[in-house]
Amino acid sequence: MSEPADAPVILSNEPGSFPWSVLAQRHPALVRKVRDAFPYGPEQHRALDALLKNATEGVIEPLGERAADRGQWERWGAEEYTGRSWFDVPFLWSESYFYRRLLEAVGYFAPGPWKGIDPFRPFKLAELDTPEADEELAALDPLAERPVEEREEALLHGSLWGNRADLGFRLAAADGESDVDAQLVANDGESLRSLFAGGTLCLVADNSGRELIPDLLLIDHLLHHRRVRRVLLHVKPYPYYVSDATTADVIDALRHLTGAKGAAGESGHRLWAAMTDGRLTVRAHPFSCAPLPYADMPDDLRREFAEADVTIVKGDLNYRRLVGDRRYPATTPFAEPTAYFPGPVAALRTLKSDVIVGLDARTEDALDAAEGGRWRTSGTHALIQVRS
């Protein structure tokens, strides 16, 4: 796929920019938070301290000699980027490699007592055990009394907004334009719903916890009302970007649902049954943690997406990977950077990074006039975009 000349790859070397703030501020804070989340021993503490210093002051170093995926990461770019500043290579690559190095530091992959222990698990579980999470599930009961089409629209918006899902549920009872509608910078929701035609849906999940549960509720609705016959839920094969969903997170979310009362509990039990009979299948492809755009996806993943009636790509990171982590003009049609995708594709995303395509010029001008550039990264706006 040829990239437009006016869409340079996003780097992190501009002080004060959003990508710079992630590498210079967010990542160091996360290392400290992970350090305190578990009673790690001296070995892990030394490795975390070294990562903190390296990621802010040093250059990119290769994975350890014994790392099983060292060759894979070299093919993904480590061979080219080793020895360069974290800030001078593509932002998407730096972010992804940071999380891989963080897992190495805490012993996630190495033989020993910390092997397979998710360093982000305490943060993920804490999200589910809140009054807000209970209120969101309780909102399903009055929603269940609404017409099926209204429920579907509300659940779609619940999936879009993630842990602000209560906004989506309010949509079902709203008259005229809701708060949710006003915060959408693009809304192809009707086009997306027209693609639910009784076949296969691929849903590329984003975050765990309170953001994964609305995804599961939407899946249950689509299966239960035969809007789709089968769902392939793509998650990460290992912990990634703090809250990205893994198979273990799907099971935690399902257990949370099956333990709930009312409509939420009914959904949970239906989803559990759908997993056991194969209507809902979890996938954890290694490319899900690649520091690369989906334009570079391997052939087996391409075939799977090609066979689906529609693929829904959830969240900000997956959007960056879908369209490419580049400084496109915001008015670039969504169909252009997604032309490579092997089947109909939809993006559901709240805006938390600089990348954006598919806006009309008036929308962009109005957002810039009202908020400067903050609307791109604040998470207060969202979009539903479709290329069928």
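Predicted model: local features only at pLDDT ≥ 70, side-chain atom pairs only at ≥ 80, totals over all residues.

Student: Where is Y241 found?

Tutor: Y241 sits in the loop between β3 and α13.

Student: And what is its phi near?

Tutor: The phi of Y241 is near 45 degrees, which is positive in a residue other than glycine. As background, most residues other than glycine have a negative phi.

Student: What about R226, what is its phi?

Tutor: R226 is not a glycine either, and its phi is positive, about 55 degrees. R226 belongs to the loop between α12 (212-224) and β3 (230-234).

Student: Is R226 buried or exposed?

Tutor: Exposed: the relative accessible area of R226 is 70%, and the cut-off for exposed is over 50%.

Student: Switching to charges. How many salt bridges does the structure hold?

Tutor: The structure holds 22 salt bridges.

Student: Give me one. What does R35 pair with?

Tutor: R35 forms a salt bridge with D49, and the closest N and O atoms are 3.1 Å apart. R35 is in helix α1 (residues 18-37) and D49 is in helix α2 (residues 42-57), so this pair ties together parts 14 residues apart in sequence.

Student: Which residue does R320 meet in a salt bridge?

Tutor: R320 meets E95, at 2.8 Å from N to O. This pair links distant parts of the chain: R320 is in helix α16 (residues 316-323) and E95 is in helix α4 (residues 91-105), 225 residues apart.

Student: Why does R320 count as buried?

Tutor: Because its relative accessibility is 4%, and buried means under 20%. E95 is buried too, with a relative accessible area of 5%.

Student: And K124, what does its side chain meet?

Tutor: The side chain of K124 meets D249 in a salt bridge, at 2.7 Å from N to O. K124 lies in helix α5 (residues 121-128) and D249 in helix α13 (residues 247-258), so the pair ties together parts 125 residues apart in sequence. Both K124 and D249 are buried.

Student: Which residues are linked in a network of salt bridges?

Tutor: E65, R70 and E74 are linked in such a network.

Student: What about charges at the surface? Which residues form a negative patch?

Tutor: D129, E132, D134 and E135 form a negative surface patch. Within this group, D134 is placed in helix α6 (residues 131-138). D134 counts as partly exposed because its relative accessibility is 48%.

Student: Now rings. How many aromatic pairs are there?

Tutor: The count comes to 21 aromatic pairs. One of them is F98 with Y99, an edge-to-face pair with 5.3 Å between centres and 80 degrees between planes. Both F98 and Y99 are buried.

Student: Why is the pair of Y108 and F109 called edge-to-face?

Tutor: The planes of Y108 and F109 stand at 85 degrees, with the ring centres 5.0 Å apart, so the pair is edge-to-face. The angle cut-off for that label is over 60 degrees. Y108 is buried, at 13% relative accessible area, whereas F109 is partly exposed, at 30%.

Student: Which residues form one aromatic cluster?

Tutor: W73, W76, Y81, W86, W93 and Y97 form one aromatic cluster.

Student: Last topic, contacts across the sequence. How far is V185 from L383?

Tutor: The C-alpha atoms of V185 and L383 are separated by 5.6 Å, and the two residues are 198 residues apart along the chain. V185 is in strand β1 (residues 184-187) and counts as buried, at 9% relative accessibility.

Student: And A274 to L223?

Tutor: A274 and L223 are 8.4 Å apart in space, C-alpha to C-alpha, and 51 residues apart in sequence. A274 is in helix α14 (residues 262-277), and with 1% relative accessibility A274 counts as buried.

Conventions: Residues numbered from 1 in each chain as written. Heavy atoms only, no water. Patch = residues over 30% accessible without salt bridge, like charges linked within 9 Å, V, L, I, M, F, W, Y side chains within 5 Å. Areas by Shrake-Rupley, 256 points an atom, 1.4 Å probe, with all protein chains shown as cover. Salt bridge = Lys/Arg side-chain N within 4 Å of Asp/Glu carboxyl O. Lys, Arg positive; Asp, Glu negative; His and termini not counted. Charge placed at Lys NZ, Arg CZ, Asp CG, Glu CD. Helix = DSSP H or I, 4+ residues; strand = E, 2+ residues; numbered from the N terminus. Buried < 20%, exposed > 50% of the residue type's maximum accessible area, 1.4 Å probe, protein only. Phe/Tyr/Trp six-rings, centres within 6.5 Å; stacked < 30°, edge-to-face > 60°.
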